[in-house]
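I set out to look up a handful of residues and some overall figures, and I keep my notes here in the order in which I checked them.

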Amino acid sequence: MRAGEPHAEVYALREAGEQARAATAYVTLEPCAHHGRTPPCADALIAAGIGRVVIAAEDPFPQVAGQGIAKLRAAGIAVESGLMREAARELNLGFFSRIERHRPWVRVKLAMSLDGRTALANGESKWITGEAARADVQRWRARSSAILTGMGTVLADNPQLTVRLPVGESSRGSFLPTRVILDRHLRTPAGSHVLDGQTPTLVLHAASAEATDERFAKVERIAMPELGDALDLEAILSLLAERHCSELHVEAGPTLCGALFAAGLADELLLYIAPIMLGDRARPLMHLPPLAEMASRWKLRVVDQRQIGNDWRLQLRLA
């Protein structure tokens, strides 16, 4: 239910009570075999007298990695694995990305007009999409570990980057996504929403940048290495993974979004398309390096497409 609380097996065993004895347990991820923030789930299954365990995906976490299966079998429990493995990995894609690739799953959210524009030439962008699409974005924020943006978006929009779910939908309580602000030169203005301390906030900056006032008193700051004229994006993703960030939701401008795609660090594009036209002087979707030939184009595959209110949402991944 929440990090640090009992895993799913424990909740299921509590519900089943004595009916768990000799029963079959179906789990999406291999039961843990180590003492972390909670005791091993493998031990709980053994103690409950489970007769068979069907595991969708094996756990790549080094302290588990087959040890859960081995412990169950050693206790005489029949274990099978691999049933719906890919579906289970999809369900936990952020976890697998963090453990296997040492970086979070990076989802870039963008909204554009039919002619591929994200804002007017003067920067005005409220609102390209309708209310239903904006509510849908809040749900994607809520499932994420962190929400990342760049200094351009902070200066242009003064975003809150918090989760504001529609009335009647449950929230995640105190477990809210961390706001991650890329502020290379510490230019975030005083009074910006991202500095208000309402939710955990991490400001990443260059080592040479210094804060000489109290603007950042309510947030955490970390100096990051630079790569060329920007912060090192790979180093940032590695840092976030170390801080247990599994899914990173990106809401940023064309420069940062383009940089993530150009570096091969964007895993998924969540694209909202509104049935409007903004004209060729409006701002583009992303700044990407020029291509010399069509063979070099970025190829995406559609994972999901659906209508949200009067807009369309495409969920795309690099082919």
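**Overall figures**

I began with the secondary structure, which comes to nine helices and 16 strands, where helices (H or I, at least four residues) and strands (E, at least two) are DSSP runs, numbered from the N terminus. I note that this is a predicted model, in which local features need pLDDT of at least 70 and side-chain atom pairs count only at pLDDT 80 or more, while totals for chains, interfaces and linings use all residues. Residues are numbered from 1 along each chain as its sequence is written, and side-chain values use heavy atoms, with hydrogens and water left out.

I then took the extent along the principal axes, and the C-alpha atoms fill a box of roughly 70 × 45 × 45 Å. Of the 319 residues, 45% count as buried; buried means under 20% relative accessible area, exposed over 50% and partly exposed in between, with a 1.4 Å probe and protein chains only. The protein exposes about 16600 Å², and carbon and sulfur atoms supply 52% of it; these accessible areas come from the Shrake-Rupley method with a 1.4 Å probe, and for residues only the protein chains shown count as cover.

For contacts (heavy atoms within 4.5 Å), I found that residues 24 or more positions apart account for 71% of those with a separation of 6 or more. I also looked up the charges: there are 37 positive and 37 negative side chains, and the centres of the two sets lie 2 Å apart. Here Lys and Arg count as positive and Asp and Glu as negative, with His and the chain ends not counted, and the place of a charge is taken as NZ of Lys, CZ of Arg, CG of Asp or CD of Glu.

**Cysteines**

How many disulfides does a search of the whole structure find? I record zero disulfides, a disulfide being a pair of cysteine sulfur atoms within 2.5 Å. Cys41 is in no disulfide, and the nearest cysteine sulfur, that of Cys32, is 3.7 Å away. Cys257 is likewise in no disulfide, the nearest cysteine sulfur being that of Cys245, 16 Å away. Cys41 counts as buried because its relative accessibility is 1%, and Cys257 is buried with a relative accessible area of 0%.

Ala42 lies in helix 2 (residues 41–47) and counts as buried, at 0% relative accessibility. Not counting residues up to four places away in sequence, Ala42 touches Pro31, Cys32, Gly68, Lys71 and Leu72. I checked the pair Ala42 and Leu72 separately: they are 30 residues apart in sequence and 6.3 Å apart in space, C-alpha to C-alpha.

Arg98 lies in helix 5 (residues 93–100), and I list Arg98 as buried because its relative accessibility is 17%. Leaving aside neighbours within four places in sequence, Arg98 is in contact with Arg103, Ala241, His244, Cys245 and Ser246.

Is Thr188 buried or exposed? Thr188 counts as buried, at 0% relative accessibility, and its place is in the loop between strand 7 (178–182) and strand 8 (201–206). A polar contact of 2.6 Å joins the side chains of Thr188 and Asp183; a polar contact is a pair of N or O atoms within 3.5 Å, where within protein one must be able to donate a hydrogen and the other to accept it, and residues adjacent in sequence count only if both atoms are side-chain atoms. Beyond four places in sequence, Thr188 touches Met151, Val154, Ile181, Asp183, Val194, Leu195, Arg215 and Phe216.

His249 is found in strand 12 (residues 247–250) and counts as buried, at 0% relative accessibility. I noted a polar contact of 2.7 Å between the side chains of His249 and Glu251. Leaving aside neighbours within four places in sequence, the contacts of His249 include Arg107, Lys109, Val137, Trp140 and Arg141.

**Helix 9**

Which residues of helix 9 (residues 254–262) are buried? I read off Pro254, Leu256, Cys257, Gly258, Leu260 and Phe261. Phe261 has a relative accessible area of 6% and, with neighbours within four places in sequence left aside, is in contact with Val108, Ala266, Leu269, Met286, Leu288, Trp298, Leu300 and Leu318. Just after helix 9, Gly264 takes a positive phi of about 75°.
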